[in-house]
Structures are given as structure tokens and as C-alpha cells.
Amino acid sequence: MRDKTNMINMTEDNPSQPLEDDVVQEVLRTGKDLREYSKQVEKELKEVENKSIQDYIKESQNIVSLHNQITACDDILERMESMLMGFQSDLGSISSEIVYLQKKSVSMSQQLHNRQAIRGQLSQFIDDISISKGLINAILDSPVTEKEFLTNLNLLNHKINFVKEHGFKEVKACQDVKDDLEKLKIKAVSKIRSYLMEQISKFRKPMANYQIPQNALLKYKFFFEFALANERAVAQEVYAEYTDTMSKIYFSYFKYYSSRLMKLQYEESAGKDDLIGHEEVGQRGLFHKASLKNKSTVFTIGNRGDVLTSQLEAPIIIPHSAQKNVVKHPFEALFRSEQYALVDNGCREYLFICEFFMVQGKEAQKLFNQIMGKTLALLAKNLETFVQNCYDTIALFLCLHLIMHYQLLCHKRAVPALDDYWERMQSVIWPRFEYIFRLNITSVKDCDPTKFNKEMKPHYITRRYAEFSAAIVGISENFPSELVTKLCAELLEEVEFFILRMAAIFPQRKEQLIFHINNYDMILSVLMEHTRDSSREAEHFREQLSQWSTEYVEEILSPHFGGMIQFVKEGEAFVEKGQADQLKKQESKSLALVQSFSSGWKRSLEVINQEVLSSFPSLLTGSTLLQLAFTQLVQYYHRFHKLLTPTAKAQLTNIHHIMVEIKKYKTSY
């Protein structure tokens, strides 16, 4: 029982022992004595032990063999351990060797890189300083025009510069090749000098087109660069020879061309009597056809303005003395041809010397002046000679604007070398232009109206002014000038005074107005034809013409409808003052005016129509004034109608009848 209790306690103390064990459950269930059970277990264990011993005895040989094997394995493992320890020691030494080799490799790599760098520089140095047989043969034997010579000349120039550069560093190798390079340089410079001098000499040949040798020189412009860098005396010789040669060529060409060109000028030129205010005598009038064959128009622009537009960059005039029917030209056309030839040659020459002689700025300007100076002085002197005796204001003004256009053209071609020349040419023309312009102003101012015919049509002095003013204003649109604006304003003022003085010789106001309108209309028409609609002069004359036209309309309506017009003005004055009752007191007067208007308005329209159309040479002007007069009449009629009493209104002619009749006189031009 105690054993049971102990078993139970053991079970409770050892909760990990499973109570569900079959043997334990059986014992507990049957109540079997545990001591007997323990003995039985011991017996069984003893039997098992005996069996194990027997099995061990049976396997003793195998166990011995296993023991021997284990011992052998221990020996092997011990040897492996010692071997691995040796390996570990060897690996430690190998790691040190690897680190050493790595450092040595880095050092060797740096040495290799340095040697390669030195080898590249040394190889390049040797290439730069050495003189090959091919280089020597090319410089000595090849013609200068062959590509091989030019290529090797560049190489020789490089070697010369290289030796010069390293010679200052006292590189001994430079002394070995210095003499050979000097000999090759002398030979190359000698061949270059001969070639350049030969090319320059071709410019002097008669009828030679100097652009061809110039283009040839540009192909070998490195020759001069080589000579300038290595033998300055030879370069200066070439420079001086070219400058002297081209200076003479240009001077000779333009001297010959200008003299031949001036022979094509109109035989008759404007004189001191060709002024706006000068009185026409005989057949020396403005539009005398016989004289215009050999004389340019003095006051009209005509086709002369083409030199600034379509002919500005046209081919130059080629004079042919052998030609029988030589075409004559005004001075500005000849001047344009001469100056355009200068622009072409001057721009080409400037760009050539900049590229070939490698000059810019002041140096280029200096060289250009050495070449073109005599020619420019010749052309300026020729202009001064013409200007001294010139009385053609339009020709001078066209020449001024040609100069401005060509100066702008030179700037577009990036050639500033002619700027001083253009300024000098303008300084020659401006004073004479102003002087002649003021002579024209004075001529208008000094006119005596009593010497002219008493005609209401446009005066020839006014026509001269219109054409002249239109020409000046039209030309100056691209390059406005304060001086020109001032002179035009002074001339306009004198012309207006002249028209007033001429109008004063007519006794009637209507004739004076007709004279004003005819002259102002003609001036405005000419200005509109040659200038912009918004020009200052056009606006002024348009305003003045409107004022004269308004007054003229009042003047021609007054004889026929003066009573009605007067009644309207007086009646509207009463209304403004608040005295409308005064109109009723004048009912009898208004009835009389209504009857007078109704009985004669158609006949009055016809008379006005004939009078207006016969008074103005321009049908367009006459028609415009007629419609303006009828429009003014209709407006007065409406205002008259508003002021009438009902009785008078009933007797008044219907406005629609008047409008239908007025439309009969409307014409379209």
C-alpha cells in the first residue's frame, strides 16, 4: 500500500511521467504488489544485460577493429590539424606577399603611366623637331601652287615656331635642326616672294580683270602670313608693292571712267535763271520739249527718282564713244553709276585686304586709304567741280540720298572704310543745296504779280512749286532732314504769299477764290501723286483747300439763294437768343422768299452747274465743288424749313423734288 502511495507520489512529483502508461495503469487497476513487480523487472533487466554481454563478446573483434579505426582517424585528424596549421601559417605569409605585390603593382603601374606619358611627349617632340626628307623635297622642289607645297609649308611653319619656343628653354636638340630649318625657311620665303610678286604684276596688264589674281592670292593667303611671321622685310615688300600697284590701278580706272562718263551728261544744264519764281521768256519754259532732249527737268522728278529705287544697284553705265546715238543722262544717273562702281570695288578691296593682309580696325582703314586715297580724292574733286556751277536742286538732293543709300549698303556689307568719304561728299553738297534752295525761295518772294497774265487757272510758278516740293518731299521720306523740312516750310510760306498776291489782282472775291482753289488743288494733286497722303505738306494744302472751297460755295450760292441764307442765319440767331416770336413777325418776308425760291430754284441749279464747271480746268474738282455746293444748299433748305411758319411751309417746294433734280447734275470721274 505504501508502494502504491509512493508510486502515486512519484507520479505527482514527476508530472512529466505519463499516467496513461499501460503498465502503470495495469498495476493500479489490479492492485498488484510492486515489490514483486520490481523483482520481476530486475530479473528482466538482468536477462537483458546478460544478453548484451553475450552480444558484446560476439562483437568484440569488430569493436577492436572499430577502436583501431578510431585511433587511426585520430592520427589522421591530428596530421590534418598540423597540416592546416601549416596552411594557416603559409596563408598569412601569402597575404603579406599579396599586399606587397599589390603595392609593387601600383608603383609599377604609375611608372608605366609616367613612361607612356613621357614617351608620348617625347615622341611628339621628336615629330615636331625632326625634319623629314619629304618635307625637304616638297619645300625645295614642289611648285608653290601645288597642294603638297602648301601642306608642307604649314608643317615647316609649325616646326620653326616650335624650335623658337623651345630655343628659349635651351633645349639642345633645337641646335641640331636650327640651321636646316633656317635654310628651308629662306628657300620657302624666296619662292613665296617670287610667286606673290608675279601675281601682283598681273594687275598691271592692260584690260586685266584684277579680281582673278586677287582670288588666286586668297587661295594662298597663308604665303603672306608665313612671310610676315618669318621674314618681315619680304612681307613689307609685298605689302608695299601691292599697295602701290592697286593705288595706281584704281586711280587710273576711275579717272578714265569718270571722264568718259561725264561726256554722257546732258549738254544743257540748269542755270541761274532756272528758279521757281523766274519769269518764263520765249520758249525756255518748264515744259519746252526741244530743250528737254538734252537737258534734265529742273523742277519735276519724273523718272529721275529711279536712281534711288530700281536703278540703285543696277549695272553701271558703260560709255561707248564710238556709238553714234549716245544716250544722254542727268548728272545724278552718272553720279550713281560712278559711286556704285566705287562701292563694288571699294567693298571688295576692303574685304580682300582684311583677309589677305590679316588687318582689322584702324590698320585696315590705314591700308585702305593708302590704296584708295588718291581715287577718293579724285572723285571728291570731280564732285566739287560740278557743284560749284550747279543750279539743279533736285540733282543735288538725289546725289545726297544716293550717298546715304550707298553708305548704308556698305554697312550691310560690313565695310566701314568709306564712311569718311561719304561724309566728305555730303559736306560738299549740303551747302550748295541750301544755297540753291534759298535762291528759289527768294525768287518766289521777289515775284511781281503785275507782270503775269490775269488768269484764274493754276499759275506756272505754282505748278513749278508743286512739282519741286513733291520731288523734295518724296526723296526725303527715307532719310528725313531738319534742314530740308525747314527750307520746305519757308518755300511753302513764300508760295502761299505769292498766291495771295496773285489773287489780289482779281477784283471780285469769287475770282480770287477760284484762283486759290485751282492752285491749291493742283498743288495737292501733285503732292498726292508723288508723296504719302500723310505728309506735312499734303495735310496743310488739304486743310487750306477745304477752307477756300467752303468759302467759294457760300460765294456762288449767295447770288441765287442769298435771301434764304440770310434769313436762316438771322432766324437761328433769334432762336438761340430765345426770341422765336420774332420769326412770326417776319412771316411776310419768309413767304416772299418761299415764292422766290419755288419760282427759280431749277434755273439757279443750272446756272450754278455751268458756272462751276467752266471755272475749273479739272472736271473732278469742278464736280466735287458742285456737289459740295448742292449739299450746302440742301442743308440751308432744311434749316430754312424749320424756321418757317405752317402757312409758309405749305407753299414750300418738297425737298424730294429738289433732291431728284440735284442728282441729275451728279457725275462720276
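This note comments on the predicted model shown above, point by point.

1. Basis of the values. The model is predicted, so local features need pLDDT of at least 70 and side-chain atom pairs count only at pLDDT 80 or more, while totals for chains, interfaces and linings use all residues. Residues are numbered from 1 along each chain as its sequence is written, and side-chain values use heavy atoms, with hydrogens and water left out.

2. Overall fold. The protein chain has 24 helices and 0 strands; helices (H or I, at least four residues) and strands (E, at least two) are DSSP runs, numbered from the N terminus. Of contacts between residues at least 6 apart in sequence, 79% join residues at least 24 apart, a contact being heavy atoms within 4.5 Å.

3. Burial and surface. Of the 669 residues in the protein chain, 41% are buried. Buried means under 20% relative accessible area, exposed over 50%, and partly exposed in between (1.4 Å probe, protein chains only). The chain exposes about 38600 Å², of which carbon and sulfur atoms supply 54%; accessible areas come from the Shrake-Rupley method with a 1.4 Å probe, and for residues only the protein chains shown count as cover.

4. Arginine 304 and aspartate 392. The whole structure holds 17 salt bridges, each defined as a side-chain nitrogen of Lys or Arg within 4 Å of a carboxyl oxygen of Asp or Glu. In one of them, arginine 304 pairs with aspartate 392, with the closest N and O atoms 2.9 Å apart. Arginine 304 lies in the loop between helix H11 (289–292) and helix H12 (331–356), and aspartate 392 in the loop between helix H13 (361–388) and helix H14 (393–412), so the pair ties together parts that are 88 residues apart in sequence. Both residues are buried.

5. Glutamate 551 and arginine 509. These side chains form a salt bridge at 2.8 Å, N to O. Glutamate 551 belongs to helix H19 (residues 536–576) and arginine 509 to helix H18 (residues 509–530), so the bridge ties together parts that are 42 residues apart in sequence. Glutamate 551 is partly exposed at 30% relative accessible area, and arginine 509 is partly exposed at 32%.

6. Glutamate 661 and lysine 664. Their salt bridge has its closest N and O atoms 3.2 Å apart. Glutamate 661 is buried at 13% relative accessibility, whereas lysine 664 is exposed at 59%.

7. Asparagine 609. This residue is found in helix H21 (residues 587–615) and is buried, with a relative accessible area of 11%. Asparagine 609 touches Leu626 and Tyr665, not counting residues up to four places away in sequence.
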